[in-house]
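Please open the model in your viewer and keep the selection tool at hand. The stops below each say what to select next and what is there.

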Amino acid sequence: MPIEITGQNSSPVQNDRNSRPENNVGRSEPSVEQQSSGGRPSTADTVSLTETSAQLRSIESSLAALPVVDTQRVEAIKQAIADGSYQVDAQTVADKLIDFEAILDR
């Protein structure tokens, strides 16, 4: 579906940095309220973390400490392949592929 753009401004683009509106910023004196509060806002922002958030943070840090790969298992499989004792169950592989395809179709 094409998008139609109408009402384009045909005026040239300003390239002069000094004439841009964002360069016309001035500084004003602080209000009486700001002066009385030392320039700080009169209300304080607060953040509270739930127990679930704390648990998630704890789990995240413990997972970050775990290795990404189980090197002992990888070495055992490599050794089994090398000495010819690694057995592949074709039915299990086929079932897992079908399950995976079903997940992808959702």
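Begin by selecting helix H3 and helix H4 (90-104), each of which supplies at least two residues of a nonpolar patch; helices here are DSSP runs of H or I with at least four residues, and strands are runs of E with at least two, numbered from the N terminus. The patch on the surface is formed by Ile77, Ile81, Tyr86, Val88, Val93 and Leu97, which together have about 560 Å² of accessible area. A patch is made of residues with over 30% relative accessible area and no salt bridge, where nonpolar side chains (Val, Leu, Ile, Met, Phe, Trp, Tyr) are joined within 5 Å and like charges within 9 Å; the areas come from the Shrake-Rupley method with a 1.4 Å probe, and for residues only the protein chains shown count as cover.

This is a predicted model, in which local features need pLDDT of at least 70 and side-chain atom pairs count only at pLDDT 80 or more, while totals for chains, interfaces and linings use all residues. Residues are numbered from 1 along each chain as its sequence is written, and side-chain values use heavy atoms, with hydrogens and water left out.

Next, zoom out to the whole chain, which has 4 helices and 0 strands. Of its 106 residues, 2% count as buried, where buried means under 20% relative accessible area, exposed means over 50%, and partly exposed lies in between (1.4 Å probe, protein chains only).

Now return to H3 and select its 12 residues, which reach 16 Å from the first C-alpha to the last, close to the 16 Å expected at 1.5 Å a residue; the expected span is 1.5 Å times one less than the number of residues. H3 is hardly covered, since the count of buried residues among its 12 residues is 1.

Which side chains meet in a salt bridge? Select lysine 78 and glutamate 75, whose side chains meet at 3.9 Å, N to O; a salt bridge is a side-chain nitrogen of Lys or Arg within 4 Å of a carboxyl oxygen of Asp or Glu. Both residues lie in helix H3 (residues 71-82), 3 residues apart, about one turn of the helix. An α-helix has 3.6 residues a turn, so residues three or four places apart point the same way. Glutamate 75 counts as partly exposed, at 47% relative accessibility.

Finally, select aspartate 89, in the loop between H3 and H4, which is partly exposed with a relative accessible area of 44%.
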